Amino acid sequence: MLRVVSEEFYPDWEAVYRDNVARVYRLMFAKVGNRPDAEDLTAEVFATALGPLRVSASAAEVRAYLLATARTVLAGHWRRTLGREVTTLTDEDSLEAVPVDAPTSADTASRAARMLAQLPESYRRILELRFLESCSVREAATAMGISVTYAKVLQHRALRAAAALREVSE
Amino acid sequence: MSPRGARRFVADLLRGRRPRSFRAQDTDLDELRAAIMLRSAQPGSGVPREEFVTDLHQRLADQLAGKSTTALAEPVRGPRPVVDGTRRRLVAASSIAASAAVVGAVADHVLTTRTPASGGQAGPQTLVPDAGQWRTVAASADLTEGGVQGFDLGTVVGFVSRTGGALRAVSGVCTHLGCRLALDAPTRQLNCPCHRTSFAINGELLRYQLRVPPPALPQLEVREADGAVQIFAPPGQA
């Protein structure tokens, strides 16, 4: 597998793709939270970007350009699905910073951990079970020793509480 | 209790499905953000499927080999349950064109000046004259849903259309070498008489037989006022 450092140049579009597809995907997943959309948006970024791209640009320039494209693509996605910009790619998001080999980006995981740490125990637990461990409502209810109905209520309340934290809206 | 659309969005995320669209309110946003943030903290969530990476590579290779010009932007998107299918499809198409237009600009910018461009708010490449005025091109009543009309303001020529209730105006000049585009009403396409290039009425490039794809058509600002459709264009030469 080809390795390219940022001061270098990509030999062809395939190198651009190989080196960046996982990074773009991870950025997109962090912004949409589901695989089908993350895949579509990743495809849209490359489809849009590779045409006009000149490989004479340095790897850093190519990445800046992919990121700019990703920003536009994400904005378009929210515009046509929810009519509101739920998440955006900001200046702090960069393709270089995305660790492609780790199972989750440290940043995403630590933000979520910081958020959860501020919640009461039962809220934290239901969110962990449902969102991070992908348990069904029933499984989560069993794990917590509560009824399914209450687990649902608890999940809504917990998410509302999480939404009110500073980590989310910043 | 959060509104239904937001609740369904969260439920879809939890099932790993593509969330259904709905008209989100500002009050929903933080909850949606929290849900997205938690979902993306799931171990392994940020790693693309091998199949996807391989498949996309193939589609890009096809696109770059000229086997299809719009292939990627369109079929990539799987069917998505929508309330209003037509509107969505058209809006989707236009935003793809929009990103293409921005990218054209961004590419030159990034590659020549090395300044990271921000595409986020730029939207489609829009022609805004320094000294423009709102000029009427059609009566509102004459531009019905799904309609397209050409206009010639002397300073600017273009096409205005109404799709899904929204107005859009694009330049009527081919971005390749400047030939005037002709409207093919049945297919709602704008065809270049010179080199068999076609654009959608939202400005998106549909077809070309050139070595390099020409950029999407610039958008023009359009509004509806006092029963008239108006374009923001330079004043005409008297």
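Two residues are in contact here if their C-beta atoms, placed from the backbone, lie within 7 Å. The structure described is a predicted model, with scores of ipTM 0.89 and pTM 0.58.

Helix H7 of chain A, residues 148–163, packs against helix H2 of chain B, residues 29–40. On the side of H7(A), the residues in contact are A:Leu159, A:Arg160, A:Ala162 and A:Ala163, and they meet B:Asp30, B:Glu31, B:Ala34 and B:Ala35 of H2(B). By class, this contact comprises 5 nonpolar and 3 charged residues, with no polar ones. Angles from 65 to 115 degrees count as roughly perpendicular; the angle between these helices is about 100°, and H7(A) and H2(B) are therefore roughly perpendicular to each other.

A second contact joins helix H1 of chain A, residues 13–32, to helix H3 of chain B, residues 50–64. Angles over 145 degrees count as roughly antiparallel; the axes of H1(A) and H3(B) cross at roughly 150°, so the two helices are roughly antiparallel. The crossing of H1(A) past H3(B) is right-handed. From H1(A), the residues A:Trp13, A:Tyr17 and A:Val21 meet B:Val53, B:Leu56, B:His57, B:Leu60 and B:Leu64 in H3(B). This contact has 7 nonpolar residues, 1 polar residue and no charged residues.

The two pairs are set side by side below.

| Helix pair | Axis separation | Angle |
|---|---|---|
| H7(A) and H2(B) | 8 Å | about 100° |
| H1(A) and H3(B) | within 11 Å | roughly 150° |

**Confidence in chain B**

Chain B has a mean pLDDT of 76, and 74% of its residues reach 70 or more. Among the elements of chain B, H2(B) has the highest mean pLDDT, 94, whereas helix H4 (residues 85–113) has the lowest, 38. Over residues 69–123 of chain B the pLDDT is below 50, although this stretch has 114 contacts in the model beyond near neighbours in sequence. Where pLDDT is low, the predicted coordinates should not be read in detail.

**Residues with positive phi**

Most residues other than glycine have a negative phi. A:Ser134, which is not a glycine, has a positive phi of about 55°. A:Ser134 lies in the loop between helices H5 (121–132) and H6 (137–144) of chain A, and is partly exposed, with 16 other C-beta atoms within 10 Å.

In chain B, B:Arg196 is not a glycine either, and has a positive phi of about 55°. The loop that holds B:Arg196 runs between strands E7 (189–191) and E8 (198–200) of chain B. B:Arg196 counts as exposed because it has 11 C-beta neighbours inside 10 Å, and 12 or fewer is the limit for that class.

Conventions: Residues numbered from 1 in each chain as written. Chains lettered and ligands numbered in written order. Predicted model: local features only at pLDDT ≥ 70, side-chain atom pairs only at ≥ 80, totals over all residues. Axes fitted to C-alpha atoms, helices over the stretch in contact; angles between N-to-C directions. Helix = DSSP H or I, 4+ residues; strand = E, 2+ residues; numbered from the N terminus. Parallel < 35°, antiparallel > 145°, perpendicular 65-115°, else oblique. Nonpolar A, V, L, I, M, F, W, Y, C, P; charged D, E, K, R; others polar. Left-handed = near helix turned anticlockwise from the far one by under 90°. pLDDT = per-residue confidence, 0-100. Buried ≥ 20, exposed ≤ 12 C-beta atoms within 10 Å, placed from the backbone.
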